[in-house]
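The sequence and the model are shown below, followed by an account of selected features.

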Amino acid sequence: MAIDTKISKQDSDALAEALLGLETIEEVKAFLDDLCTPSELRAFAERFKVARLLDEGQLSYREISERTGASTTTVTRVARFLREMPHQGYRRVLDKMKT
């Protein structure tokens with residue numbers, strides 16, 4: 001019998017609810033430290049830094065790549081998600097951080 005490795009909507013929703021229930025930066029960091037490997041956390045932080053720099057609009061993709069250590073492929077992917085993807089997760093967070 002094969003193991004189903006797909007995450008269900010219920011599991012995804014449970015994770016989102018768990019994140020929503022955290023109240024402090026320390027709680028979020030502790031949960032993420034338990035949930036993710038150090039390399040996963042670095043990748044998340046890198047992508048978010050790329051998103052913030054793209055949102056500022058002052059650097060080229062290559063400059064962002066050099067500044068963050070992210071590949072130009074990652075910079076391009078994050079830029080596409082910022083501009084075109086329907087869920088607009090990066091955009092929502094960046095806009096909330098500005099208010």
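A residue is called buried when its relative accessible area is under 20%, exposed when that area is over 50%, and partly exposed in between. By this rule D55, with a relative accessible area of 23%, is partly exposed. The model discussed here is a predicted one.

**Overall architecture**

The chain holds six helices and zero strands. Read from the N terminus, its elements follow the order α-α-α-α-α-α. The C-alpha trace spans about 45 × 40 × 30 Å along its principal axes. Of the 99 residues, 17% count as buried. The chain exposes about 7800 Å², and carbon and sulfur atoms supply 55% of that area. Among contacts between residues at least 6 apart in sequence, 37% join residues at least 24 apart.

In soluble globular proteins, nonpolar side chains tend to be buried together. The largest nonpolar core of this model has 13 residues, and V50 and L54 touch the most other members. Helices α3 (38-56), α5 (72-83) and α6 (89-98) each supply at least two residues of this core. The most is given by α5, with five residues. Leaving aside residues up to four places away in sequence, L54 touches Y61, I64, V75, V78, A79 and L82.

**Salt bridges**

Side chains of opposite charge can pair when their charged atoms come close. The count of salt bridges comes to five. Which residues are linked in a network of salt bridges? The network consists of D55, R91, D95 and K98.

| Salt bridge | Closest N and O atoms |
|---|---|
| R91 and D55 | 2.9 Å |
| D55 and K98 | 2.8 Å |
| D95 and R91 | 3.0 Å |

R91 forms a salt bridge with D55, and this pair links distant parts of the chain, with R91 in helix α6 and D55 in helix α3, 36 residues apart. D55 also forms a salt bridge with K98; that pair likewise links distant parts of the chain, as K98 lies in helix α6, 43 residues from D55 in helix α3. The pair of D95 and R91 lies within helix α6, where the two residues are separated by about one helical turn because they are four residues apart.

R91 has a relative accessible area of 22%, so it is partly exposed. D95 counts as partly exposed at 34%. K98 is exposed, because its relative accessible area of 56% is over the 50% cut-off.

T68 lies in helix α4 (residues 61-68). Is T68 buried or exposed? With a relative accessible area of 18%, which is under the 20% cut-off, T68 is buried. A polar atom of its side chain lies 2.8 Å from the backbone oxygen of I64, and the side chain of T68 also reaches the backbone nitrogen of A70 at 3.1 Å. Not counting residues up to four places away in sequence, T68 touches E46, K49, V50 and L53.

Q88 is placed in the loop between α5 and α6. The backbone oxygen of M85 lies 2.7 Å from a polar atom of the Q88 side chain, while the backbone oxygen of L82 is reached by this side chain at 3.5 Å. Again leaving out residues up to four places away in sequence, Q88 touches F81, L82 and R83. L82 is also one of the residues touched by L54.

**Surface features**

L15, L19 and L35 make a nonpolar surface patch of about 240 Å². L15 lies in helix α1 (residues 9-20) and is partly exposed, with a relative accessible area of 34%.

K6 is found in the segment before α1. At 70% relative accessibility, K6 counts as exposed. How far apart in space are K6 and A30? They are 25 Å apart, C-alpha to C-alpha, and 24 residues apart in sequence.

Terms used:
Residues numbered from 1 in each chain as written. Predicted model: local features only at pLDDT ≥ 70, side-chain atom pairs only at ≥ 80, totals over all residues. Heavy atoms only, no water. Patch = residues over 30% accessible without salt bridge, like charges linked within 9 Å, V, L, I, M, F, W, Y side chains within 5 Å. Areas by Shrake-Rupley, 256 points an atom, 1.4 Å probe, with all protein chains shown as cover. Salt bridge = Lys/Arg side-chain N within 4 Å of Asp/Glu carboxyl O. Buried < 20%, exposed > 50% of the residue type's maximum accessible area, 1.4 Å probe, protein only. Core = buried A, V, L, I, M, F, W, Y, C linked by side-chain atoms within 4.5 Å. Contact = heavy atoms within 4.5 Å. Polar contact = N/O pair within 3.5 Å; in protein donor to acceptor, adjacent residues only side chain to side chain.
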